[in-house]
Amino acid sequence: MPFDDTLARRIRPHLSDDVGCTEKKMFGGIGFLLHGNMCAAVWREYLILRLGPEQGTAALRLPWVQEFNITGKSMKGWVMIPDTALTDEGELRQWLDQAVQFVQTLPAK
């Protein structure tokens, strides 16, 4: 199944202003990297976000948010959100801002 290109197009304007943001095709989807660190991605119909341990745990309290797991191994601090839960641009921006804030704390690669 290809990744949701509509969701990817919605993400680009939010991340394009961040210096050091690049796109890379990976795991059958598209990843958005900030200074070489994965920040967000689109896989199938999901937005994948790297929020860090605390924000990731908090996000999992929402009923439509899942822990990132596409290989059978969960990744702590990463979440998956179905595109059907991201109808509001302001909400999408808030999710992406959380990911950017966390990834900016990581050393550049």
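Guide: Partly exposed denotes a relative accessible area between the buried range, under 20%, and the exposed range, over 50%. The model shown here is predicted.

Visitor: What makes the pair of Arg 9 and Asp 5 a salt bridge?

Guide: Their side chains meet at 3.0 Å, N to O, and the cut-off is within 4 Å, so the pair qualifies. Both residues belong to helix α1, four residues apart, about one turn of the helix.

Visitor: How do you know that Glu 67 forms a salt bridge with Lys 76?

Guide: The closest N and O atoms are 3.6 Å apart; since the limit is within 4 Å, the pair is a salt bridge. By this rule the count comes to five salt bridges.

Visitor: Why is Lys 76 called exposed?

Guide: The relative accessibility of Lys 76 is 65%, and exposed means over 50%, so the term applies.

Visitor: What makes His 14 buried?

Guide: His 14, in helix α1, has a relative accessible area of 15%. Buried means under 20%, so His 14 is buried. Leaving aside neighbours within four places in sequence, His 14 is in contact with Glu 89, Leu 92, Arg 93 and Leu 96.

How values were computed:
Residues numbered from 1 in each chain as written. Predicted model: local features only at pLDDT ≥ 70, side-chain atom pairs only at ≥ 80, totals over all residues. Heavy atoms only, no water. Helix = DSSP H or I, 4+ residues; strand = E, 2+ residues; numbered from the N terminus. Buried < 20%, exposed > 50% of the residue type's maximum accessible area, 1.4 Å probe, protein only. Contact = heavy atoms within 4.5 Å.
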